[in-house]
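Here is a briefing on one protein chain. Read it beside the sequence and the structure.

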Amino acid sequence: MRSAYRVETVRAAERVLLASLPEGALMARAAAGLAAACARLLPGGRPRRVALLVGSGDNGGDALFAGARLARRGVGVTALLLNPERAHPAGLAALRAAGGRTAGADAAEGVLGRADLVVDGITGIGGRGGLRPGAAELAELLDRAGEEGPPVVAVDLPSGVDADTGEVHGAALRATLTVTFGACKPGLLVDPAREFAGEVRLVDIGLRPELPAEPDLVALEAADVAALLPRPAAESDKYRRGVVGVAAGSERYPGAAVLAVGGALCGGAGAVRYAGPAGAGVLARYPETLVSAGPPSRAGRVQSWVVGPGVGDDPNARATVDDVLAAEVPVLIDADGLRGLDPERVRARRAATVLTPHAGEAAALLGGDRAGVEASRLGSVRKLAERFGAVVLLKGSTTLIAAPGGGPVHVNPTGTPWLATAGSGDVLSGLVGSLLAAGLAPVQAAATGAYLHGLAGRLAPTPATATTVTAALPEVWDQLLSATEVSSEG
Ligand SMILES: NC(=O)C1=CN([C@@H]2O[C@H](COP(=O)(O)OP(=O)(O)OC[C@H]3O[C@@H](n4cnc5c(N)ncnc54)[C@H](OP(=O)(O)O)[C@@H]3O)[C@@H](O)[C@H]2O)[C@@H](O)CC1
Ligand SMILES: Nc1ncnc2c1ncn2[C@@H]1O[C@H](COP(=O)(O)OP(=O)(O)O)[C@@H](O)[C@H]1O
Ligand SMILES: [K+]
């Protein structure tokens, strides 16, 4: 499991560690890791030039000490000082002693134009709000160079992004690689900031033992998901494996029923019941489905319900959602089912509820606009989870999962923009509902479902469609299960 910690937590851990180490030792560790990462990105066989963008805090100090290490290896290093009087004094002395040069920001165009690599040490965890004008101009200069420009290595964080929320207010440095110290920060894993970070590499500076057991953000890895996947045992039968009910589709949108059932068949439950008007289409595609045309409450016993995809917005659809909400089993509500959903009604349920909105649906539930949700994904998903007393999976460029009452937010690491294709959300809802029926706790079901769905999106032939994403799911299971079998044998 990958973990990320908020600035406040990182600072507290650093204070403990700093007190036990000689002065400068921690920054030396950070700079050593940073210099090694930079050296790997530099071309061989000719004089190499590195430009350091140096702000007035310790982030600039890291850049200067790393620059000194590179200069000692024969790299031509020039530090552009945004605020020369306030640049880290010891870092500056180290760079100069190693033969590095310094220049003012007015020399930026020439220095950046000649650089093979740029090191962004303007702000790290001490950055506040959007970049100030001098720094913003450097970001814009590099943006204009685009693909033609040199690669940028961000020190700890890309300057201009919010470490805790992943929000970006105004300009920010766009990095190829971010070398982060001690612990990953939430902003490095959540869009829009994540996009500015490029590849993220964590340098161990000895902080781990000082960090609390509970991170602020977590991302499942393959082994975690493999351990969570429900698998039948010798004594299993289809009922013990769990039965998932799907109340989806309508005469107008019969395909949503097929896609949600397809996802549900690939989620580990032993059987899928379908209740609704699109049963014929479902049976034609998946004859293993148990189909009924009446309301969900008459469809027979299930261990979880999925309701909403393609049900439409007529009174029948509302009645279906109400019927499912009355069931005393975990319920996943998606798409049309989220329209006008009453928070009190959801809060009053005794069994778990999982909501799976995309940004537009989340905005409607929060009474805001889509752009606001996309700019503040973490805040939005937490707010929804509290308001509805439900586990919320917010879909989109970064899929996040939050539970009511706090605790770490899950971020899905496997997503791909190829999943932005009609109906792929319906597949996800069936998949997560099936994992709920198989007995996974709601947060685990949502995080596992998103992980499988993301991998299937990557594995499906390009361009992925909701149907090919579904078809790729068994291969995803195979890969995850066979990897863990090998590692448990070894
Ligand atoms: N602590 C440790 O043990 C270790 C810490 N380490 C490193 O220290 C970093 C944290 O250093 P830090 O606390 O000095 O803050 P930092 O990120 O350099 O930024 C502060 C400066 O930025 C300025 N500034 C603020 N906002 C701005 C904006 N929007 N636009 C422009 N400027 C802005 C602000 O200006 P001021 O408000 O003071 O005028 C101030 O000068 C951390 O990320 C890691 O790299 C590593 O060495 C490992 C050990
Ligand atoms: N830019 C993106 N990057 C990664 N995943 C995305 C992106 N846009 C959408 N997705 C994913 O694609 C799926 C689309 O779901 P949804 O919006 O409900 O579509 P539909 O209603 O057509 O099924 C979700 O799993 C979502 O997380
Ligand atoms: K930085």
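Val 307 of strand 13 is the bridge partner of Ala 247. Val 307 also has a bridge partner in strand 14, namely Ile 333. This is a predicted model: local features need pLDDT of at least 70, side-chain atom pairs count only at pLDDT 80 or more, and totals for chains, interfaces and linings use all residues. Residues are numbered from 1 along each chain as its sequence is written, with chains lettered from A and ligands numbered from 1 in the order in which they are written.

- Helices (H or I, at least four residues) and strands (E, at least two) are DSSP runs, numbered from the N terminus.
- Two strands pair if DSSP finds at least two bridges between them.
- Strand 10 (residues 243-247) pairs with strand 13 in the parallel sense, over 4 bridges.
- Strand 14 (residues 331-333) pairs with strand 13 in the parallel sense, over 3 bridges.
- A right-handed β-α-β unit is made by strand 13, helix 11 (residues 315-325) and strand 14. Right-handed means that, with the strands pointing away from the viewer, the path from the first strand over the helix to the second runs clockwise.
- Strand 13 (residues 304-307) is covered on both faces. Ser 304 and Val 306 are buried on one side, Trp 305 and Val 307 on the other.
- A residue is buried if 20 or more other C-beta atoms lie within 10 Å of its own, exposed if 12 or fewer, and partly exposed in between; C-beta atoms are placed from the backbone.

**Nonpolar core**

- The largest nonpolar core has 164 residues. Leu 52, Val 119, Val 246 and Val 392 have the most contacts inside it.
- Helix 17 (residues 442-459) gives the largest share of this core, 9 residues.
- The core lies between domain 1 (2-219) and domain 2 (222-489), because both give residues to it.
- Such a core is a set of buried Ala, Val, Leu, Ile, Met, Phe, Trp, Tyr and Cys residues joined through C-beta atoms within 7 Å.
- In soluble globular proteins, nonpolar side chains tend to be buried together.
- Leaving aside neighbours within four places in sequence, Val 246 is in contact with Ala 257, Ala 260, Val 261, Ala 264, Val 272, Tyr 274, Val 306, Gly 430 and Gly 433. Contact means that the C-beta atoms of two residues, placed from the backbone, lie within 7 Å.

**Domains**

- The domain assignment gives domain 1 (2-219) and domain 2 (222-489). Domain bounds come from an automatic or database domain assignment.
- Their C-alpha centres lie 39 Å apart.
- Across the boundary, 15 residues of domain 1 are in contact with 13 residues of domain 2. Strand 9 (residues 217-219) gives the largest share of the domain 1 side, 3 residues.

- The expected span of a helix is 1.5 Å times one less than its number of residues.
- Helix 2 (residues 25-41) has 17 residues and should span 24 Å; its end C-alpha atoms are 25 Å apart, which agrees.
- Buried residues of helix 2 include Leu 26, Met 27, Arg 29, Gly 33, Leu 34 and Cys 38.
- Helix 15 (residues 377-388) has 12 residues. From first C-alpha to last it reaches 17 Å, close to the 16 Å expected.
- Among the buried residues of helix 15 are Arg 377, Leu 378, Val 381, Leu 384 and Phe 388.
- Arg 387 lies in helix 15. Arg 387 is partly exposed, with 15 other C-beta atoms within 10 Å.
- Arg 387 and Ser 482 are 95 residues apart in sequence and 40 Å apart in space, C-alpha to C-alpha.
- Gly 389 follows helix 15, with a positive phi near 60 degrees.

**Backbone features in loops**

- The peptide bond from Asp 191 to Pro 192 is cis, with omega near 5 degrees. Pro 192 sits in the loop between strand 7 (177-181) and helix 7 (193-197).
- Thr 462 and Pro 463 are joined by a cis peptide bond, with omega about -5 degrees. The loop between helix 17 and helix 18 (466-489) holds Pro 463.
- Asp 156 is a residue other than glycine with a positive phi, near 70 degrees. Asp 156 lies in the loop between strand 6 (152-155) and strand 7. Asp 156 counts as buried because it has 28 C-beta neighbours inside 10 Å.
- Ala 335 has a positive phi, near 50 degrees. Ala 335 is in the loop between strand 14 and helix 12 (343-347). Ala 335 has 23 C-beta neighbours inside 10 Å, so Ala 335 counts as buried.
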